[in-house]
Amino acid sequence: MSDRRPLATIPYGTFSERAHARAAADCQVIKAQLELTYRCNLHCRHCYTDPYNDSAWFPRELTLAEIYRLLGEMREIGIVWLNLTGGDIFMRPDFFDIYEAAAGHGFLLQLYTNGTLFTRAIVERLQTRPPFSIDISCHSVDESQFDWFTQVPGSYRAFRRGVELLQAGGLPFSLKTKLMNWNAGEIEQLRQFTEAAGQPFGYTTSLSPRLNGDCSSLHYRIDPNTVRRLPANQETAPDSGECDRHTPLLPPSHDRLFRCGCGTDTIHINAWGELSTCTFQYETRVSLREHSLSDGIEQVFAATRGLAYQGESACRTCAVHTFCDKQPTQARWESGHPESPIPYACDIAVARASRAVPITPIHPLRAGSCP
Ligand code: SF4
Ligand code: SF4
């Protein structure tokens with residue numbers, strides 16, 4: 001008689017809760033985002049990586065050998081969730097070498113893609129070893145608007161075909177929507193499309209300057225007054241998913257520059273092999289071409305946690321900071337200094353706070369304390 005017994009299983013939510021609790025107790029990094037490339041077949045008008053979607057920059061991107069090394073180091077330090085992103089991940093000809101190596105290490109793989117490059121062959125290959133999740137950007141359900149935004153004719157049809165292939169293939173995917181000034185009026189159609197695909201609808205609203213500091217992407221930001229009128233949902237969670245908010249209107253209890261989860265359990269590695277704590281954290285970076293992953297984490301986390309406000313800034317005493325998306329690097333690019341407020345972020349924070357609390361919040365830039 002065989003003495004083989006089935007492995008015990010637990011619900012995913014329980015597993016995730018335990019993994020996060022253990023990581024917090026042990027100060028362990030368990031989540032990584034790896035940008036495989038800045039190459040992309042689209043040129044979305046809000047895209048922060050698009051300046052580097054140019055052949056002049058491609059030789060600087062991580063090689064397959066370097067990525068193999070990083071995957072091995074991620075396994076050694078105990079990474080559980082690995083997010084592969086771009087640009088578009090399928091623009092790398094060696095994508096499946098990377099994917100299969102990562103799957104072989106046992107990571108829970110989260111793929112970010114624009115969805116336009118799926119083919120039957122790609123879906124069948126993913127089916128042999130399915131990822132944990134596939135997130136696809138859904139900008140619009142209007143073909144001409146979608147193609148205008150991506151600046152690539154035919155991209156909407158390719159997106160729809162990709163979604164159909166994933167549905168037919170039974171792969172786990174979800175649609176992500178970023179509401180902007182040009183597509184906010186489509187919210188009901190976007191909701192219907194997402195729900196027809198069998199998924200709950202959610203949206204985010206934050207946009208970032210481009211990685212070269214160009215702020216023209218911010219032109220597509222949603223108006224703060226529109227945010228006030230949007231139906232409440234996960235919009236109040238920042239794109240990075242790191243920050244904690246929904247607390248009463250109180251000023252910060254500390255002077256740390258990073259008030260989010262930066263420097264705790266998550267790392268970000270850009271397409272050039274530079275390590276930091278999240279996608280838009282460019283205040284402290286370490287090259288993993290020159291340092292091991294564990295040394296890099298030690299340096300970057302210590303530096304990030306050590307950064308504190310030095311000058312006078314409205315952010316230091318801001319009562320709506322828990323509703324705010326401000327990221328120091330974004331403040332440097334947009335307002336000239338990482339400690340400076342971002343006026344748009346202030347407007348959005350006040351709009352969110354006014355919906356969440358029963359009193360009218362005071363705008364931090366009109367409260368008598370100068371930025
Ligand atoms: S699909 Fe993503 S990476 Fe490509 S241009 Fe659009 S936002 Fe940028
Ligand atoms: S950017 Fe504005 S809302 Fe955000 S913390 Fe600074 S002052 Fe407060």
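Domain bounds, as used here, come from an automatic or database domain assignment. The model is a predicted one, and in it the assignment for the protein chain gives domain 1, made of 13-247 + 260-310, and domain 2, made of 248-257 + 311-371. The C-alpha centres of domain 1 and domain 2 are 26 Å apart. Where the two domains meet, 23 residues of domain 1 are in contact with 28 residues of domain 2, and the side of domain 1 that touches domain 2 is made up of eleven nonpolar, eight polar and four charged residues.

**Ligand surroundings**

Around ligand 1 stand Cys-40, Leu-42, His-43, Cys-44, Cys-47, Thr-49, Asp-50, Gly-86, Gly-87, Asp-88 and Asn-114.

**A pair of helices**

Two packed helices are described by the angle between their axes and the distance between the axes. For helix α4 (residues 120-128) and helix α6 (residues 155-169), the axes come within 10 Å and cross at roughly 35°, and the crossing of α4 and α6 is right-handed. On the α4 side the contact is made by Arg-120, Val-123 and Gln-127, while α6 brings Leu-165, Leu-166 and Gly-169 to it. Taken by class, this contact of α4 with α6 has three nonpolar, two polar and one charged residues.

**The setting of Lys-31**

Lys-31 is placed in strand β1, which covers residues 31-35. Is Lys-31 buried or exposed? A residue is called buried if 20 or more other C-beta atoms lie within 10 Å of its own, and Lys-31 counts as buried because it has 23 C-beta neighbours inside 10 Å. When its neighbours within four places in sequence are left aside, Lys-31 is in contact with Trp-81, Asp-265 and Thr-266. By comparison with Pro-6, Lys-31 lies 25 residues away in sequence and, C-alpha to C-alpha, 28 Å away in space.

Key
Residues are numbered from 1 along each chain as its sequence is written. Chains are lettered from A and ligands numbered from 1 in the order in which they are written. This is a predicted model: local features need pLDDT of at least 70, side-chain atom pairs count only at pLDDT 80 or more; totals for chains, interfaces and linings use all residues. Two residues are in contact if their C-beta atoms, placed from the backbone, lie within 7 Å. Ala, Val, Leu, Ile, Met, Phe, Trp, Tyr, Cys and Pro count as nonpolar, Asp, Glu, Lys and Arg as charged, and the others, Gly among them, as polar. A residue is near a molecule or strand if its C-beta atom, placed from the backbone, lies within 6 Å of it. Axes are lines fitted to C-alpha atoms, for helices over the stretch in contact, and angles run from 0 to 180 degrees between N-to-C directions. Helices (H or I, at least four residues) and strands (E, at least two) are DSSP runs, numbered from the N terminus. A crossing is left-handed if the near helix is turned anticlockwise from the far one by less than a right angle, and right-handed if clockwise. A residue is buried if 20 or more other C-beta atoms lie within 10 Å of its own, exposed if 12 or fewer, and partly exposed in between; C-beta atoms are placed from the backbone.
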